[in-house]
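These are my notebook entries on one protein structure. I set down what I looked up and how each term is defined.

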Amino acid sequence: MAKVGAALSSLLGASPFWREKSSSNCVRTETGSCITPAMHEASMDSVALEVKPWESGKFRFVKKLEDAGRNRGRVDRMESSDHEGVDVAVKKMPNSWVTKDHAEFVSVHPRETEQPWKDLGM
(Lines give C-alpha, C1' and ligand atoms only; values in the text may rest on other atoms or scores of the structure.)
Protein backbone atom coordinates (compact mmCIF):
# COMPACT_ATOMS: atom_id res chain seq x y z
CA MET A 1 0.00 0.00 0.00
CA ALA A 2 1.47 3.33 -1.02
CA LYS A 3 1.36 6.46 1.08
CA VAL A 4 0.44 9.87 -0.30
CA GLY A 5 3.35 12.17 0.48
CA ALA A 6 1.38 14.36 2.86
CA ALA A 7 -0.09 13.91 6.31
CA LEU A 8 -3.80 14.66 6.05
CA SER A 9 -4.17 15.58 9.66
CA SER A 10 -1.35 17.04 11.65
CA LEU A 11 -0.81 18.41 15.09
CA LEU A 12 1.22 21.12 13.35
CA GLY A 13 -2.03 22.96 12.59
CA ALA A 14 -1.26 23.78 8.95
CA SER A 15 -4.76 23.29 7.51
CA PRO A 16 -7.73 25.61 8.06
CA PHE A 17 -11.05 24.03 8.99
CA TRP A 18 -14.28 24.93 7.20
CA ARG A 19 -16.59 27.01 9.35
CA GLU A 20 -19.44 28.45 7.30
CA LYS A 21 -20.55 29.32 3.79
CA SER A 22 -20.95 33.00 3.05
CA SER A 23 -23.15 34.80 0.56
CA SER A 24 -20.09 35.70 -1.56
CA ASN A 25 -19.71 32.11 -2.84
CA CYS A 26 -16.88 31.30 -0.46
CA VAL A 27 -16.37 29.25 2.64
CA ARG A 28 -15.12 30.99 5.76
CA THR A 29 -12.48 29.21 7.79
CA GLU A 30 -12.10 29.37 11.56
CA THR A 31 -9.50 32.09 11.01
CA GLY A 32 -11.97 34.17 8.95
CA SER A 33 -10.31 33.58 5.58
CA CYS A 34 -12.57 33.29 2.54
CA ILE A 35 -11.91 30.26 0.31
CA THR A 36 -13.68 30.26 -3.07
CA PRO A 37 -14.30 27.13 -5.17
CA ALA A 38 -11.69 28.40 -7.67
CA MET A 39 -9.13 28.79 -4.88
CA HIS A 40 -9.87 25.26 -3.66
CA GLU A 41 -9.52 23.87 -7.20
CA ALA A 42 -6.18 25.66 -7.62
CA SER A 43 -5.04 24.26 -4.28
CA MET A 44 -5.94 20.70 -5.37
CA ASP A 45 -3.99 21.18 -8.60
CA SER A 46 -1.01 22.52 -6.67
CA VAL A 47 -1.04 19.59 -4.24
CA ALA A 48 -1.18 17.10 -7.13
CA LEU A 49 1.99 18.65 -8.59
CA GLU A 50 3.75 18.50 -5.20
CA VAL A 51 3.16 14.80 -4.37
CA LYS A 52 6.48 13.03 -3.87
CA PRO A 53 7.47 9.45 -3.12
CA TRP A 54 7.10 8.47 0.53
CA GLU A 55 10.31 8.93 2.52
CA SER A 56 9.98 6.30 5.23
CA GLY A 57 12.86 7.69 7.28
CA LYS A 58 10.98 10.94 7.96
CA PHE A 59 8.31 9.25 10.08
CA ARG A 60 8.36 6.56 12.73
CA PHE A 61 5.29 4.32 13.09
CA VAL A 62 3.70 4.62 16.54
CA LYS A 63 0.40 2.74 16.20
CA LYS A 64 -2.52 2.04 13.90
CA LEU A 65 -5.43 4.38 14.64
CA GLU A 66 -8.14 2.94 12.39
CA ASP A 67 -9.00 1.31 9.09
CA ALA A 68 -10.19 3.56 6.28
CA GLY A 69 -12.17 0.92 4.42
CA ARG A 70 -14.03 3.22 2.03
CA ASN A 71 -10.75 4.21 0.38
CA ARG A 72 -8.93 0.91 0.93
CA GLY A 73 -6.58 2.55 3.42
CA ARG A 74 -5.81 3.07 7.07
CA VAL A 75 -4.81 5.86 9.42
CA ASP A 76 -1.64 5.52 11.49
CA ARG A 77 -0.20 7.66 14.24
CA MET A 78 3.39 8.46 13.34
CA GLU A 79 6.14 10.60 14.77
CA SER A 80 7.82 13.18 12.53
CA SER A 81 11.61 13.13 12.68
CA ASP A 82 11.75 16.49 10.86
CA HIS A 83 9.70 18.26 13.55
CA GLU A 84 11.36 17.07 16.75
CA GLY A 85 9.07 14.11 17.41
CA VAL A 86 5.72 15.82 16.70
CA ASP A 87 2.92 13.27 16.29
CA VAL A 88 0.95 13.28 13.04
CA ALA A 89 -1.88 11.20 11.65
CA VAL A 90 -0.99 9.68 8.28
CA LYS A 91 -3.68 8.26 6.02
CA LYS A 92 -2.30 5.59 3.72
CA MET A 93 -4.26 4.92 0.53
CA PRO A 94 -3.34 2.96 -2.62
CA ASN A 95 -2.08 5.24 -5.41
CA SER A 96 -4.30 3.30 -7.82
CA TRP A 97 -7.37 4.42 -5.85
CA VAL A 98 -6.26 8.03 -5.29
CA THR A 99 -5.15 8.45 -8.95
CA LYS A 100 -2.86 11.26 -10.16
CA ASP A 101 -5.18 14.23 -9.49
CA HIS A 102 -8.75 15.30 -8.70
CA ALA A 103 -9.96 15.37 -12.31
CA GLU A 104 -8.82 11.78 -12.92
CA PHE A 105 -10.26 10.68 -9.57
CA VAL A 106 -13.72 12.07 -10.42
CA SER A 107 -13.53 10.42 -13.86
CA VAL A 108 -12.57 7.01 -12.42
CA HIS A 109 -14.86 7.22 -9.35
CA PRO A 110 -17.84 9.36 -10.45
CA ARG A 111 -20.16 8.31 -7.60
CA GLU A 112 -17.59 8.26 -4.80
CA THR A 113 -18.36 10.48 -1.81
CA GLU A 114 -14.82 10.20 -0.41
CA GLN A 115 -12.79 12.93 -2.12
CA PRO A 116 -9.09 12.62 -1.19
CA TRP A 117 -7.94 15.48 -3.44
CA LYS A 118 -10.50 17.85 -1.91
CA ASP A 119 -9.18 16.90 1.53
CA LEU A 120 -5.59 17.42 0.41
CA GLY A 121 -6.50 20.76 -1.18
CA MET A 122 -7.67 22.21 2.12
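The entries below go from confidence to folding pattern and then to single residues.

**Entry 1: basis of the model.** I am reading a predicted model, in which local features need pLDDT of at least 70 and side-chain atom pairs count only at pLDDT 80 or more, while totals for chains, interfaces and linings use all residues. Residues are numbered from 1 along each chain as its sequence is written, and side-chain values use heavy atoms, with hydrogens and water left out.

**Entry 2: confidence.** I looked up pLDDT, the predictor's confidence in each residue, from 0 to 100. The mean for the protein is 79, and 80% of its residues reach 70 or more.

**Entry 3: overall pattern.** I found 4 helices and 7 strands in the protein. Helices (H or I, at least four residues) and strands (E, at least two) are DSSP runs, numbered from the N terminus. Along the sequence, I read the order β-β-β-β-α-β-β-β-α-α-α. Among contacts between residues at least 6 apart in sequence, 38% join residues at least 24 apart.

**Entry 4: surface.** The accessible surface of the protein is about 7,900 Å², and 51% of it belongs to carbon and sulfur atoms. Such areas come from the Shrake-Rupley method with a 1.4 Å probe; for residues, only the protein chains shown count as cover. Of the 122 residues, 30% count as buried. Buried means under 20% relative accessible area, exposed means over 50%, and partly exposed lies in between (1.4 Å probe, protein chains only).

**Entry 5: the disulfide.** Which cysteines does the disulfide join? I noted cysteine 26 and cysteine 34, with an S to S distance of 2.0 Å. A disulfide is a pair of cysteine sulfur atoms within 2.5 Å, and the structure holds 1. The link of cysteine 26 and cysteine 34 is left-handed, with -135° about the S-S bond. Cysteine 26 counts as buried because its relative accessibility is 2%. Cysteine 34 counts as partly exposed because its relative accessibility is 25%.

Entry 6: I followed strand S5 (residues 59-68) and strand S6 (residues 73-80), which pair in the antiparallel sense over 8 bridges. Two strands pair if DSSP finds at least two bridges between them. Lysine 63 has arginine 77 in S6 as its bridge partner. S5 and S6 form a hairpin with 4 residues between them. Arginine 72, in the loop between S5 and S6, has a positive phi of about 60° although it is not a glycine.

**Entry 7: the loop between H2 and H3.** I then turned to aspartate 101, placed in the loop between helix H2 (95-98) and helix H3 (102-108). Its side chain reaches the backbone nitrogen of glutamate 104 at 2.9 Å. Leaving aside neighbours within four places in sequence, aspartate 101 is in contact with Ala48 and Trp117. Threonine 99 also lies in the loop between H2 and H3. Is threonine 99 buried or exposed? Threonine 99 counts as buried because its relative accessibility is 12%. Threonine 99 is not a glycine, yet its phi is positive, at about 70°.

Key. Contact means heavy atoms within 4.5 Å. A polar contact is a pair of N or O atoms within 3.5 Å; within protein, one must be able to donate a hydrogen and the other to accept it, and residues adjacent in sequence count only if both atoms are side-chain atoms.
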